[in-house]
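Here is a short briefing to read beside a model. Look at the picture first, then work through the points.

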Amino acid sequence: MNIVIKSTVKLLVLLFSFFVKVKKNNWLISLDGGGGSKCAENTYAFARYVSSKKNISLKVVSKNNIKEFKKILVKPFSINYIVALIRSRILIIESDMHNDIPAYRDNETIKINLFHGLALKKIYYSSKHIGNIFEKKLIMALEINDANF
């Protein structure tokens with residue numbers, strides 16, 4: 001995508017986010033960024049669940065045409081995409097906000113990442129204490145104990 005188009009959309013979203021209030025029940029889910037598959041499995045399953053709820057206004061962002069979400073699908077950088085970004089309170093992604101929902105709204109939105117294990121990986125890699133506990137448990141599991149026989 002052209003850098004000029006991305007910058008223009010980001011500026012439009014930033015500008016309108018000061019004047020347009022988000023709607024509490026508007027959600028935007030990205031189905032792109034699935035790690036090589038057609039769509040992101042975690043967000044796809046969550047979008048199927050949320051689409052059955054009557055009190056949530058859902059929009060799904062994807063470059064691919066997905067028949068199941070045909071009525072609520074928006075293409076990135078379209079007019080409907082910009083409107084959905086400006087009005088959505090909750091943004092749900094699979095792995096990376098900048099790639100899954102480009103030019104997202106910063107103001108008054110809740111961003112949710114559904115990548116499995118992300119929080120645990122961050123805790124493990126950022127804490128020496130957690131790493132020491134993990135190593136001790138692994139050593140204990142490998143030790144031969146008379147109680148196991």
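Is Arg48 buried, partly exposed or exposed? Arg48 has 45% relative accessibility, so Arg48 counts as partly exposed. (Buried means under 20% relative accessible area, exposed over 50%, partly exposed in between, with a 1.4 Å probe and protein chains only.)

This is a predicted model: local features need pLDDT of at least 70, side-chain atom pairs count only at pLDDT 80 or more, and totals for chains, interfaces and linings use all residues. Residues are numbered from 1 along each chain as its sequence is written, and side-chain values use heavy atoms, leaving out hydrogens and water.

**Salt bridge**
- The structure holds one salt bridge (a side-chain nitrogen of Lys or Arg within 4 Å of a carboxyl oxygen of Asp or Glu).
- Glu68 pairs with Arg48, and their closest N and O atoms are 2.9 Å apart.
- The pair links distant parts of the chain, 20 residues apart: Arg48 is in helix H2 (residues 41-51), Glu68 in the loop between strands S2 (57-61) and S3 (73-74).
- Helices (H or I, at least four residues) and strands (E, at least two) are DSSP runs, numbered from the N terminus.
- Glu68 counts as partly exposed because its relative accessibility is 43%.

**Helix H1**
- The buried residues of H1 are Val9, Val13 and Ser17.
- They fall within an arc of 65° seen down the axis of H1, so they line one face. (The arc is that of the directions from the helix axis to the C-beta atoms.)
- The face turned away from the buried side carries exposed Ile3, Val4 and Leu11.

**Leu11**
- Leu11 lies in H1 (residues 3-17).
- Leu11 has 56% relative accessibility, so it counts as exposed.
- The C-alpha atoms of Leu11 and Arg105 are separated by 9.9 Å, though the residues are 94 apart along the chain.
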